[in-house]
Amino acid sequence: MRSIWNGAISFGLVSIPVKLVNATENHSVSFRQIHEADGGRIRYRKVCELEEKEVTNDEIGKAYEDADGAMIPITDEDLASLPLPTAKTIEIVAFVPSSEIDPLQMDAAYYLSANGVPAAKPYTLLREALKRSDKVAVAKFALRGRERLGMLRVVDDVITMHGLLWPDEIRAPESVAPQADVTVREAELDLADALMDTLGEVDIESLHDDYREAVEAMIAAKVEGGVTAPEAEPSEERAGGKVIDLMAALENSVRAAKEARGGEGEVAEVTPIKGRREPKPSGARKSTSQAAKKTAAKKTAAKSTAKTAKKTASAKSTAKSTAKSTAKTTTKKAASKAASEPAAKKTASRRRSSA
């Protein structure tokens, strides 16, 4: 890899000659501007406003625009005369825990390579010291004409440096958070935790730029036959921008994550909330006709059961009524018989007396 800067790391009185190499690269597909009528390239030309003619790079200098619009010329000699002790040095100023570095400050990343055989020993010393301390080094360095802040850490067996924004370059997040007074329920937090647990970890190496691949496929199709690649259908779940039911969305998300993982590994269980119908899991929907047939069959069975229950209840009611009527008749006869027996005895006794 080609180095973009040569200098040395200043580690106390120890100097480590190093080369700076870009650690990242941009894979985005770039486009050119063209004239749609004839396909001609659109180019930007550097034109002097006063003379209204194009100028070459050798004729172009630097200037600072004052508040009133006046241009104050700044030469390379002016900049070279300024004190810049870190022009060729990465000066370590402190060692701090990595947690003290705000990720918002992170900028470009670089690899630091030992420049020559003599640099191998001090380079290894600094690397092992960083490993054992479990800290990162905060340093100042100069690149492309300005002083910058950096953070040195170890990745595998290489010292890397992340450019850091100066603290005053981080904007305060004023009026960014929601201004409305929102209350989050425990049940919603529980489902959010379940979704986080279900999604689990991911192998960063497995992630890739789907959009860039689609653009490359479209370009390849146009080159081969002028045919545009078919458009991907938008996902129903991602369509729209409104969340109608947050709880339902969370529940569906947990189930979709489980299905995407194919049941591998431990996943969080979702406890249905009382009073809510449990949503059907996506991906397990049956055809409308089958569902309709099953629903109709269930309704028919339910009606038949209800009719049978009514008949049974009616029969029981009739049996009870008959039993009650029979019991009443028997009771009346017994009472009548009991009442007539003394009268019959008296009549028989009178007949005997008269005889």
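**Figure 1. Exposed Phe 31 in a predicted model.** Phe 31 counts as exposed because its relative accessibility is 60%, above the 50% cut-off for that class. The structure shown here and in the following views is a predicted model. Phe 31 is located in the loop that runs between strand S2 (14-22) and strand S3 (47-48).

**Figure 2. A nonpolar surface patch containing Phe 31.**

**Figure 3. The largest nonpolar core.** This core comprises 19 residues, and those with the most contacts inside it are Ile 9, Val 18, Ile 90, Leu 112, Leu 152 and Met 161. Two or more residues each are supplied by strand S1 (3-11), S2, strand S7 (89-96), strand S8 (106-114), H2, strand S9 (136-143) and strand S11 (158-164). The greatest contribution to the core is that of S9, with 4 residues. In soluble globular proteins, nonpolar side chains tend to be buried together.

**Figure 4. Surroundings of Met 161.** Residues up to four places away in sequence are not counted in this view. Met 161 touches Leu 20, Ile 90, Ala 108, Ala 109, Tyr 110, Leu 112, Phe 141, Gly 150, Met 151 and Leu 152.

**Figure 5. Buried Arg 127 in helix H2.** Arg 127 belongs to helix H2, which spans residues 120-133. With a relative accessibility of 15%, Arg 127 counts as buried, since that class lies under 20%. Neighbours within four places in sequence aside, Arg 127 is in contact with Val 154, Asp 157, Val 158 and Ile 159.

Technical notes:
Residues numbered from 1 in each chain as written. Predicted model: local features only at pLDDT ≥ 70, side-chain atom pairs only at ≥ 80, totals over all residues. Heavy atoms only, no water. Buried < 20%, exposed > 50% of the residue type's maximum accessible area, 1.4 Å probe, protein only. Contact = heavy atoms within 4.5 Å. Patch = residues over 30% accessible without salt bridge, like charges linked within 9 Å, V, L, I, M, F, W, Y side chains within 5 Å. Areas by Shrake-Rupley, 256 points an atom, 1.4 Å probe, with all protein chains shown as cover. Salt bridge = Lys/Arg side-chain N within 4 Å of Asp/Glu carboxyl O. Core = buried A, V, L, I, M, F, W, Y, C linked by side-chain atoms within 4.5 Å.
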